[in-house]
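I set out to record, entry by entry, what I looked up in this structure. The entries go from the overall layout to single contacts.

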Amino acid sequence: MKVLFVCILAGFLIGCGNSVKENTKTDTENKSVIGSLEVMKEDLGVMVWEPAEQACEKLCNGWRLPSLEELEIVYKNRMQIGGFEEGYYWSSSESLDESISNAMIIIRFGIGDQFYNGKQTPNHVRAVRDL
């Protein structure tokens, strides 16, 4: 039983490495707060949808891909937050068009347009979480 607990604890600390320094000054400088939404100030990279979702979850402590509504808020405040590319950013919202399967809604940050994109097309990733 003790070995199992140690393995689970070790796995949690390894998987959630950022949670250990959650309240440090450096960590605080890497986030921006918009209303009740906390936004990472840097992208996690460019990747297809499933690894993008996993990359956000690996940050632990509630970090995730933004919903379409949240991504619109992030887009409107992109100058305040900083660090955005002009490319497309993933949301966690699925396409509402039934003729398009396995597609997510994305926003092009250069002009603010919304599109549907297949999950296998790489896009930028920016994590958010609720305060």
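The notes below concern a predicted model.

**Entry 1. Layout**

I began with the secondary structure and found six helices and eight strands in the protein. Read along the sequence, the elements follow the pattern α-α-α-β-β-β-α-α-α-β-β-β-β-β. I then looked up burial: of the 131 residues, 36% count as buried.

**Entry 2. Aromatic pairs**

I searched the whole structure for aromatic pairs, and the search returned five. One of them joins Phe-84 and Phe-109, which are stacked at 4.8 Å centre to centre with 25 degrees between the planes. I located Phe-84 in the loop between helix H6 (78–81) and strand E4 (88–94), and Phe-109 in the loop between strand E5 (103–108) and strand E6 (114–118), so this pair ties together parts that are 25 residues apart in sequence. Phe-84 and Phe-109 are both buried.

Phe-109 also pairs with Tyr-89; this pair is tilted, at 4.4 Å centre to centre and 50 degrees between the planes. Here, too, distant parts of the chain are linked, with Tyr-89 in strand E4 and Phe-109 in the loop between E5 and E6, 20 residues apart. I checked the accessibility of each partner. Tyr-89 has 0% relative accessibility and therefore counts as buried. Phe-109 has a relative accessible area of 3% and is likewise buried.

I noted that Tyr-75, Phe-84, Tyr-89 and Phe-109 form one aromatic cluster.

**Entry 3. Charges over rings**

I next looked for charged groups placed over aromatic rings. Arg-78 lies over the face of Tyr-75, a member of the cluster, at 4.0 Å from the ring centre. For Trp-49, I found the charged end of Lys-119 over the ring, 4.5 Å from its centre.

**Entry 4. The hairpin of E5 and E6**

I turned to strands E5 and E6, which pair in the antiparallel sense over five bridges. They form a hairpin with five residues between them, and Gly-112 in the turn has a positive phi of about 90 degrees. Across the pairing, Ile-105 stands opposite Tyr-116 in E6.

Is Tyr-116 buried or exposed, or does it fall in between? At 38% relative accessibility, I recorded Tyr-116 as partly exposed. Tyr-116 also belongs to a nonpolar patch on the surface with Leu-96 and Ile-100, and together the three have about 310 Å² of accessible area.

Cys-60 has a positive phi of about 60 degrees although it is not a glycine. Its relative accessible area is 14%, and Cys-60 is buried. Asn-61 is in the loop between H4 and H5 as well, and its phi, near 55 degrees, is again positive in a residue other than glycine. Asn-61 is partly exposed, with a relative accessible area of 40%.

**Entry 5. Salt bridges**

How many salt bridges are there? I counted five.

Glu-38 forms a salt bridge with Lys-31, the closest N and O atoms being 3.6 Å apart. I found both partners buried: Glu-38 has a relative accessible area of 9%, and Lys-31 stands at 10%. Lys-31, Glu-38 and Arg-129 are linked in a network of salt bridges.

Asp-43 forms a salt bridge with Arg-126, with the closest N and O atoms 2.7 Å apart. I placed Asp-43 in the loop between strand E2 (37–40) and strand E3 (45–47), and Arg-126 in the loop between strand E7 (123–125) and E8, so the pair ties together parts that are 83 residues apart in sequence. Asp-43 is partly exposed at 22%, whereas Arg-126 is buried at 2%.

The side chains of Asp-130 and Arg-64 meet in a salt bridge at 3.0 Å, N to O. This pair links Asp-130 in strand E8 with Arg-64 in the loop between H4 and H5, 66 residues apart. I recorded Asp-130 as exposed, at 52% relative accessibility, and Arg-64 as partly exposed, with a relative accessible area of 25%.

**Entry 6. Arg-129**

Arg-129 is buried, with a relative accessible area of 9%. Arg-129 and Val-39 are 90 residues apart in sequence, yet I found their C-alpha atoms 6.7 Å apart in space.

Conventions
Residues numbered from 1 in each chain as written. Predicted model: local features only at pLDDT ≥ 70, side-chain atom pairs only at ≥ 80, totals over all residues. Heavy atoms only, no water. Phe/Tyr/Trp six-rings, centres within 6.5 Å; stacked < 30°, edge-to-face > 60°. Helix = DSSP H or I, 4+ residues; strand = E, 2+ residues; numbered from the N terminus. Buried < 20%, exposed > 50% of the residue type's maximum accessible area, 1.4 Å probe, protein only. Lys NZ or Arg CZ within 6 Å of the ring centre and 35° of its normal. Pairing = 2+ DSSP bridges. Patch = residues over 30% accessible without salt bridge, like charges linked within 9 Å, V, L, I, M, F, W, Y side chains within 5 Å. Areas by Shrake-Rupley, 256 points an atom, 1.4 Å probe, with all protein chains shown as cover. Salt bridge = Lys/Arg side-chain N within 4 Å of Asp/Glu carboxyl O.
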